[in-house]
Amino acid sequence: MASPRPSACLKFAAVLVAAVLLAPGSAQAAADPGAVPGELIVKFSGAADGEDRAAARNEADVNLERALPVPGVQLVKVQPGQSPSEAATQLERSPDVAYAEPNRYRTAATTPNDPYFGYLWGDSNSGQDLNGGTAGADIEAGDAWDVTTGSPAVTAAVIDSGIDTTHPDLSSQIWTNPGETGGGRESNGVDDDGDGLVDDTHGWDFVQGDNDPNDENGHGTHVSGTIAAAGNNGQGVAGVSWNSRVMPLRVLDANGNGSVAGLLQAYHYAAATGVRVVNLSVTGSDFSSAERDAIAAAPNTLFVVAAGNGGSDESGDDNDVTPQYPCSYPLPNVVCVAASDQSDNRARFSNYGAGSVDLAAPGTHILSTVPGGYAFYDGTSMATPQVTGVASLILSVRPSESTAGIKADLLGGADPAPAFAGITVSGGRLNANRSVRQQYARPPSPTAAAPAPAPARPAKPTPLKVFLKVRGRQRLSTIMARGLTLTTRCSRRCRVTLQVRLRSRSTRGARTARMTTRVVGKVKISLSKSRHMVVRLSRTGRKLVHRARRGKLYVSAVATDAVGTSHRKNVRVALHR
């Protein structure tokens, strides 16, 4: 759903019991409810060094907030009153910047409801009365538990609003970091495992930046109970994989809202600690290159994500038409989950998509843990941990299973259901028993048939290169009056942008000095052979060079061919004063 302002979203959540992502608004500073005010995520090119990155930030007048755990990606802050969209445009003008985008919100995809009867119909459906129901419309968890009830060696990361780690059904199920010798909140104040986080003994809070990922919303605790609430302990409920563990990584605040920057840190943490399956009961309507890159950078981790809960009409939407993220990233390590009801129909609120949503799982009237007790919730957020729980069961019996293998077991084991035919990839609803036992028809092995002759490989094109040479040592007075003389060419026909930059130290305020880079001359040419060029300094550029006598001049040549391949060459200019 889209909403013109955050307050409308929160009101809708309270009235219709749904949590949705804040939609994008205007591009002015602090006017985009779909993004963290004044923050941008910037990806720099691989060739950009620290000085290049600083120069690009200075030219856009933004400040470095922190590096994010994706190569070349940083979180930056715009100046007060500055338009984030204009700052992003300015950043992307730099040849050192691959993209600049708002730090988008992510939020819980849940619709809580009032309590009914304490039946876990998703595990075993006998037709019990929970607003109707059909016997057998369940994931056959009981039959899967004859094989395994999960293993303490398997941990699912719950990237959500945190977990109530003191809940009697979850306190024994919380992951413990083997590299930390502290005791969670009762800590020793030392970063024992050297990961930059002090006493991350039981996960991390990326909202408050501390080692206490306590749940202030309830959403993450409910999700965690469905995955791994302690079973056979004489109280409460049992998780799908009730002997496995959950890792609390808090990225959503008390209102169920978080940002992509927080998610990136949690994704990196989970993958770095060796977690094989992540539960992402979050959704948002805005694409993020950085989020896509971060998930793709963790190929050994399966990300189980919610399809989302439709819009203001209380009816699910087609994610193939109106994408929701992370669900709609076309990545092999993403499994997107719709919600089914007690009769194997699509829950009215559940999104779907023949190409983007993989399978369904029980997502209505789901009883699970919440801080201080238990409650029934509805939503694709509640369906997602059912799949995460089955993935944990699969890893309990096949710990070396590949990410692709886990995904194949989940989709291949799904029970065909007419309600999901043609609107999900698998056309079915999760079945724990079939997936754990691999009781489904596997496609023929690729080695069973004679290999087809390999097609002839086209010859690799010669890599595009740009050559740049400044003609000898040139006097500054000549450059100021007539321009900078140089020679340039490409390895094949291309368009070249030549920039002359002045790099000098400037002072802002009484005590703060910083290095700035200014473009003082620029020209675009097309060429297929060597050409002598003169790049003249602009009038403003000549003034800047004159005032910054101790500055240094650099020439940057960026070549681009007809198919968009690019190459860059930088040369420092030797000057006679």
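The legends below describe close-up views of a predicted model.

**View 1. Confidence along the chain.** The protein has a mean pLDDT (the predictor's confidence in each residue, from 0 to 100) of 81, and 80% of its residues reach 70 or more. Residues 1-30 have pLDDT below 50, and this stretch makes 73 contacts (heavy atoms within 4.5 Å) beyond near neighbours in sequence. Residues 507-513 are also below 50, with seven such contacts. Where pLDDT is low, the predicted coordinates should not be read in detail.

**View 2. The ring pair W145 and W242.** Seven aromatic pairs are present in the structure; rings of Phe, Tyr and Trp (its six-membered ring) pair if their centres lie within 6.5 Å, with planes under 30 degrees apart counted as stacked, over 60 as edge-to-face and the rest as tilted. The centres of W145 and W242 are 6.0 Å apart and the planes are at 75°, so the pair is edge-to-face. W145 lies in helix 4 (residues 141-145) and W242 in the loop between helix 5 (219-228) and strand 8 (245-250), so the pair ties together parts 97 residues apart in sequence. Helices (H or I, at least four residues) and strands (E, at least two) are DSSP runs, numbered from the N terminus. W145, at 24% relative accessibility, counts as partly exposed, and W242, at 15%, as buried. Buried means under 20% relative accessible area, exposed over 50%, and partly exposed in between (1.4 Å probe, protein chains only).

**View 3. The ring cluster.** W175, F206 and Y269 are linked into a cluster by ring pairs.

Residues are numbered from 1 along each chain as its sequence is written. Local features need pLDDT of at least 70, side-chain atom pairs count only at pLDDT 80 or more, totals for chains, interfaces and linings use all residues, and side-chain values use heavy atoms, with hydrogens and water left out.
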